[in-house]
Protein chains: 2
Amino acid sequence: MFKTAICDLLGIEYPILQGGMVWVSYNELCAAVSNSGGLGILAGGSMTADELKAEIKLVKEKTHRPFGVNIPIRKPGSENLVDVAIKERVDVVCTSAGNPKQFTQMIHDAGLKVIHVSPSPQLAVKAADAGVDAVVAEGIEAGGHDGFEEITTMALIPQVVEAVGIPVIAAGGIADSRGFVAALSLGAKGVQIGTRFAATREAQGHSNFKSAIIDAGPAGTVIAGRALGPTRSVKNRLTDQIVEMEKRGASVEELLKTIGNGRSRRATLDGDVEDGTVYCGQIAGMIRELKSVDEVITEIIEGAEGLVKKLEQLATL
Amino acid sequence: MFKTAICDLLGIEYPILQGGMVWVSYNELCAAVSNSGGLGILAGGSMTADELKAEIKLVKEKTHRPFGVNIPIRKPGSENLVDVAIKERVDVVCTSAGNPKQFTQMIHDAGLKVIHVSPSPQLAVKAADAGVDAVVAEGIEAGGHDGFEEITTMALIPQVVEAVGIPVIAAGGIADSRGFVAALSLGAKGVQIGTRFAATREAQGHSNFKSAIIDAGPAGTVIAGRALGPTRSVKNRLTDQIVEMEKRGASVEELLKTIGNGRSRRATLDGDVEDGTVYCGQIAGMIRELKSVDEVITEIIEGAEGLVKKLEQLATL
């Protein structure tokens, strides 16, 4: 059910990818998603090459199904992470933040698939031209680093679908069967889900971090740091401070100095959800309890079947 | 086909409302939408009471089907517009920007329906408590004045649907059958479409204005004037100037002084699309040609039937 081109491409049961979230997407979450029929993705962005190697080993102890690694390729040292992904034989490399051209051939030659995350039709076309197998089109409602273009999922997906000839995976604002069917309606062949998986038992992260997502509410996230690149996280003392600085026209240097390093780790691992950064999508308003990965995926697929039946009745009434 | 609670409530064939866009939604557009099976809505926001009266008369000469008037109720003199809508017996009053409580009883007593536009679950609940018959939940991708909460349609619709017991109409990011089916998937009982109808032959507006929408492209709109209330329009010399002022921390007073009055009229009627405000939704990137109202509505309904069939195949494969 809901077998799309993405299922065929990646050898998975359901077209549901789990976003590679820094400090969150470690072996337990990744293996759980793959075991439930989706594609688990490790967060290379918060790992050294050695850590990634160890995490891949742990995933392979927990599942024999396909899984992937997310690698923000603009980050210094990303080539080492790509090396590990190839040598340790993951199934998919999901590249983000940068031009995938430099790595696509090498990854393909090793027999792995490449998916690139794009926040605009223009960048999706660039990725398709670079030879990636599929693109994740990510709307501005997504948590973490978003595109400068600030295009929402609703407006973005059909435009990317029309612009590229490869399968498109929708991301941003999707947490349940409604978002899943909406994404397919917009022309996506699958979804990538972040925040909903961050609020699962299998996700790595402090209980304060998971509670901050569950308690965020409908208007509980904010885009901060636009001058550095829009980033969505839970509103807290830190984002209030950044937004205030932006309002009075603070420079990029001032912003960088205030934000400093390690804010995401501080919230996600240490549980400091006031002065750390709780990366979180706007759909947090629909997330009201901690669930298991299997519950999340089962509810999406079963809910989607019911939803499509309702749509069919509407169309023929 | 696609007969929902909104069709029953408003006595229309398809659950498609046309947004009441200032300077754009006049008698020709309104009547055309109603004649094609949707609900045409006059833009009370850019009319005096006398003008509204004359426009209603013209609509009634062109259609016998239901239609409505949008009234931004926070605007001084809005009570006069409400009076006209009641006396001239339109079918629906669509209130926006303000608390609908002050007018709902009066409008209902006169036998008209009331729909309120809300950009957040919280404000939708307030409107439902005030007794309105339905709410339009409008995401940040919509053109014109948006909510301070900046919630996208994808994240907003299911939250409003869960929060209120009355039918929800989705707005923002919808221009074709894909957006229509996506909105229904998210739980909406209908859609309100603005920008796509602004780029029709029947819409009022200078050809430069319509061309600006058609030429906008995927990243061609911008939110400007956040301190005054987020407003989405086509990027041009004016928005560049405002965004630049915002970056250097300009005050509300400075912004108001620079923007002044009449910017929307200047773009929409006079065709000055560089120093006027071209209100426009982000979905403009999907709008590539001028169409007739009937083409737009027919394509949505026929496309949606095909789309639902495809979804059904996916669900049962």
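Modeller: Start with Phe67(A). In this predicted model, Phe67(A) counts as buried because 27 other C-beta atoms lie within 10 Å, and the cut-off for buried is 20 or more. Phe67(A) sits in strand β3 of chain A, which covers residues 67–72. Leave out residues up to four places away in sequence, and Phe67(A) touches Cys30(A), Ser34(A), Leu39(A), Gly40(A), Ile41(A), Val59(A), Val90(A) and Asp91(A). Gln18(A) is 49 residues from Phe67(A) in sequence, yet their C-alpha atoms are 9.6 Å apart.

Now the nonpolar packing. The largest nonpolar core holds 214 residues. Those with the most contacts inside this core are Val135, Ile169 and Ala170, in chain A and in chain B. Take Ala170(B). Setting aside neighbours within four places in sequence, Ala170(B) contacts Ala137(B), Thr153(B), Ile157(B), Ala183(B), Leu186(B), Ala188(B) and Val191(B).

Next, the domains. Chain A splits into domain 1, residues 5–205, and domain 2, residues 207–283. Their centres, taken over C-alpha atoms, are 23 Å apart. Across the boundary in chain A, 23 residues of domain 1 contact 18 residues of domain 2. On the domain 1 side, β7 (144–145) and α9 (195–198) of chain A each supply at least two residues. By class, that side of domain 1 of chain A has eleven nonpolar, nine polar and three charged residues.

Last, the pairing of the chains. Between them, 46 residues of chain A are in contact with 47 residues of chain B. On the chain A side, the elements giving two or more residues are α6 (121–129), α7 (153–163), α8 (177–185) and α14 (293–316). α14(A) gives the most, with eight residues. The side of chain A that touches chain B has 23 nonpolar, 15 polar and eight charged residues.

How are the copies related? Chain A superposes on chain B by a rotation of 180 degrees, with 0.0 Å of shift along the axis and an RMSD of 0.0 Å. The two copies are therefore related as by a two-fold rotation axis. The same surface serves both copies: 100% of the contact residues of chain A recur in chain B.

Technical notes: Residues numbered from 1 in each chain as written. Chains lettered and ligands numbered in written order. Predicted model: local features only at pLDDT ≥ 70, side-chain atom pairs only at ≥ 80, totals over all residues. Least-squares fit on C-alpha atoms with pLDDT ≥ 70 in both. Contact = placed C-beta atoms within 7 Å. Core = buried A, V, L, I, M, F, W, Y, C linked by C-beta atoms within 7 Å. Buried ≥ 20, exposed ≤ 12 C-beta atoms within 10 Å, placed from the backbone. Domains from an automatic or database assignment. Helix = DSSP H or I, 4+ residues; strand = E, 2+ residues; numbered from the N terminus. Nonpolar A, V, L, I, M, F, W, Y, C, P; charged D, E, K, R; others polar.
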